[in-house]
Amino acid sequence: MKLAILSDTHGLLRPQVLEHLKNADAILHGGDINKQSVVDELRQYAPLYVVRGNNDKEWAEEIPHDLTVALGGVTFYMVHNKKELPAKLDGVDVVVFGHSHKYVQEEKEGLLWLNPGSCGPRRFHQEITMMMAEVGEGKIRVEKLSIPHEVT
């Protein structure tokens, strides 16, 4: 199963990101979507698992603050800001978060921590990134994708 993992789109779905979504069996979005039209567009590509970010206001009241989902035998816990994680993450294999716009892929304390960075408008001179992952039989393999910062 192929997963597209993204966050902090802030109202912008770049054409290069959309190309990667065409190959996804599911999409995980770590929040800061900024508008319903982005959610609607993402849902056209694959099943969408999304959490609300700090910039997702009244329009996003139906989007959960955090979410646990199992895909390909891997259990994901999703939250926008990792400072808002619960004290216990029993049964979780991977934590997906956003907020900082900084790419993170690290194993720590038996968990895989993934922040796909931001693939929306460029901010803070950060690299524009997202992830593609393969999951199956309880295993995950993650690939970092760097996206050109020019909007084409």
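**Stop 1: the salt bridges**

Welcome to the tour, which opens with a count of 3 salt bridges; a salt bridge here is a side-chain nitrogen of Lys or Arg within 4 Å of a carboxyl oxygen of Asp or Glu. The model is predicted, and local features need pLDDT of at least 70, side-chain atom pairs count only at pLDDT 80 or more, and totals for chains, interfaces and linings use all residues. Residues are numbered from 1 along each chain as its sequence is written, and side-chain values use heavy atoms, with hydrogens and water left out.

Side chains of opposite charge can pair when their charged atoms come close. K22 is exposed because its relative accessible area is 52%, while E19, at 44%, is partly exposed. The cut-offs are these: buried means under 20% relative accessible area, exposed over 50%, and partly exposed in between, using a 1.4 Å probe and protein chains only.

Next, pick E106 and K108, where the closest N and O atoms of the salt bridge are 3.7 Å apart. E106 counts as partly exposed at 35% relative accessibility, and K108 is partly exposed at 35%.

Now select K144 and E127, whose side chains meet in a salt bridge at 3.1 Å, N to O. This pair links distant parts of the chain: K144 is in strand β10 (residues 139-147), E127 is in the loop between β8 (111-115) and β9 (128-136), and they are 17 residues apart. Helices (H or I, at least four residues) and strands (E, at least two) are DSSP runs, numbered from the N terminus. K144 is partly exposed at 37%, and E127 is partly exposed at 41%.

**Stop 2: rings and charges**

The charged end of K144 sits over the Y103 ring, 4.8 Å from its centre. For a charge to sit over a ring, NZ of Lys or CZ of Arg must be within 6 Å of the ring centre and within 35 degrees of the ring normal. K108 turns up again too, lying over the face of W113 at 5.2 Å from the ring centre.

How many aromatic pairs does a search of the whole structure find? It finds 1. Select F97 and W113: they form an edge-to-face pair, 6.3 Å centre to centre with 70° between the planes. Rings of Phe, Tyr and Trp (its six-membered ring) pair if their centres lie within 6.5 Å; planes under 30 degrees apart count as stacked, over 60 as edge-to-face and the rest as tilted. The pair links distant parts of the chain, with F97 in the loop between β6 and β7 (104-108) and W113 in strand β8, 16 residues apart. F97 is buried at 3%, and W113 counts as buried at 9%.

**Stop 3: the nonpolar cores**

In soluble globular proteins, nonpolar side chains tend to be buried together. A nonpolar core is a set of buried Ala, Val, Leu, Ile, Met, Phe, Trp, Tyr and Cys residues joined through side-chain atoms within 4.5 Å. Select A4, L6, V17, L21, I27, L42 and M130, which have the most contacts inside the largest core, a set of 23 residues. The elements giving two or more residues to this core are β1 (2-6), α1 (15-21), α2 (36-43), β3 (48-50), β9 and β10. A second, separate core has 18 residues, including I5, V51, F76 and V135.

Zoom in on L6. Leaving aside neighbours within four places in sequence, its contacts (heavy atoms within 4.5 Å) include V17, L21, P116 and C119.

**Stop 4: some loops**

Most residues other than glycine have a negative phi, and most peptide bonds are trans. Which way does D32 go, positive or negative phi? D32 has a positive phi of about 60° although it is not a glycine. D32 is in the loop between β2 and α2, and it is buried, with a relative accessible area of 2%. H99, in the loop between β6 and β7, also has a positive phi, about 80°. H99 is partly exposed at 33%.

Finish with N81, in the loop between β5 (74-79) and β6 (94-96). N81 counts as buried at 16% relative accessibility, and its side chain reaches the backbone nitrogen of K83 at 2.9 Å.

Key: A polar contact is a pair of N or O atoms within 3.5 Å; within protein, one must be able to donate a hydrogen and the other to accept it, and residues adjacent in sequence count only if both atoms are side-chain atoms.
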